[in-house]
Amino acid sequence: MSVPYWRARDRYYRILGNKCDKCAQEFFPPVAICRKCHSLNLSDCEMPKTGTLLSYTLQRESVQGFEDQEPMVFGLLKLENGVRIVAQIVDIPYDSLKLGMKLGAVFRRIRVDGESGQIFYGYKFGPKRE
Ligand SMILES: [Zn+2]
């Protein structure tokens, strides 16, 4: 996980995607070719930090390294620019989640590597702060 993580750190820290220079369509994760107009000219673009909850699910058992966060909640969100993103939902009881509610990005610890102790950070979504 280390090499790809550090290479893509901005993607996880700032929710950095990209935007087509020709048609302005935005993407996350970033793409090499615009899926709308097939242009090869795209620029880095930070995604909006708020979105609407479209769907969510409770994951009782996780993959190795995430046991301390069980059960985990994941949601599909539509960001303010229309881009859809899957993210872990935190700080909201599962029973309080409602489709259509607004959530905001929070910067959190994702996991700690068991062998190296290295801590990985990134975005999750939680209650929207005004
Ligand atoms: Zn385009």
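**Zinc site, sheets and cores in a predicted model**

Student: How are the donor residues of the zinc ion spaced in sequence?

Tutor: The spacing is C-x2-C-x10-C-x2-C. This is a predicted model.

Student: What makes C20, C23, C34 and C37 the protein donors of the zinc ion?

Tutor: Donors are N, O and S atoms within 2.8 Å of the metal. The SG atoms of C20, C23, C34 and C37 lie 2.3 Å from the zinc ion, so they meet that cut-off.

Student: Why is the site of the zinc ion called tetrahedral?

Tutor: For four donors, all angles must lie between 85 and 135 degrees. The angles among the four donor atoms here are 104 to 118 degrees, so the site counts as tetrahedral.

Student: Is C20 buried or exposed, and why?

Tutor: Buried means under 20% relative accessible area. C20 has 2% relative accessibility, so C20 is buried.

Student: What is C23 called, then, and why?

Tutor: C23 has a relative accessible area of 23%.

Student: Why are β2 and β3 said to stand at the edges of their sheet?

Tutor: The open sheet has three strands in the order β2-β1-β3, paired antiparallel. β2 (26-27) and β3 (42-46) each have a single partner strand, so one side of each lacks a neighbour in the sheet.

Student: How do you know that β1 and β3 pair?

Tutor: Pairing needs at least two bridges. Five bridges join β1 (residues 16-20) to β3, so the two strands pair. N18 stands opposite D44 in β3.

Student: What makes β5 a partner of both β4 and β6?

Tutor: The cut-off is again at least two bridges. Eight bridges join β4 (residues 50-59) to β5 (residues 72-79), and six join β5 to β6 (residues 84-89), so β5 pairs with each. Both pairings are antiparallel. Q59 stands opposite M72 in β5, while V73 has I89 in β6 as its bridge partner.

Student: What lies between β5 and β6?

Tutor: The two strands form a hairpin with four residues between them, and G82 in the turn has a positive phi of about 95 degrees.

Student: Which residues touch the most other members of the largest nonpolar core?

Tutor: They are L77, I89 and F125, in a core of 17 residues. β5, β6 and β8 (119-127) each give two or more residues to this core. A second, separate core of five residues includes F27, V31, C34 and L42.

Student: What makes I89 and F125 contacts of L77?

Tutor: Contact means heavy atoms within 4.5 Å. Beyond its neighbours within four places in sequence, L77 is in contact with residues including L53, L103, I89 and F125.

Notes
Residues are numbered from 1 along each chain as its sequence is written. This is a predicted model: local features need pLDDT of at least 70, side-chain atom pairs count only at pLDDT 80 or more; totals for chains, interfaces and linings use all residues. Side-chain values use heavy atoms; hydrogens and water are left out. Donors are N, O and S atoms within 2.8 Å of the metal (3.2 Å for Na, K and Ca); water is not among the atoms, so sites may look incomplete. Four donors count as tetrahedral if all angles lie between 85 and 135 degrees; four count as square planar and six as octahedral if opposite donors are over 155 degrees apart and all others between 65 and 115; anything else is irregular. Buried means under 20% relative accessible area, exposed over 50%, partly exposed in between (1.4 Å probe, protein chains only). A nonpolar core is a set of buried Ala, Val, Leu, Ile, Met, Phe, Trp, Tyr and Cys residues joined through side-chain atoms within 4.5 Å.
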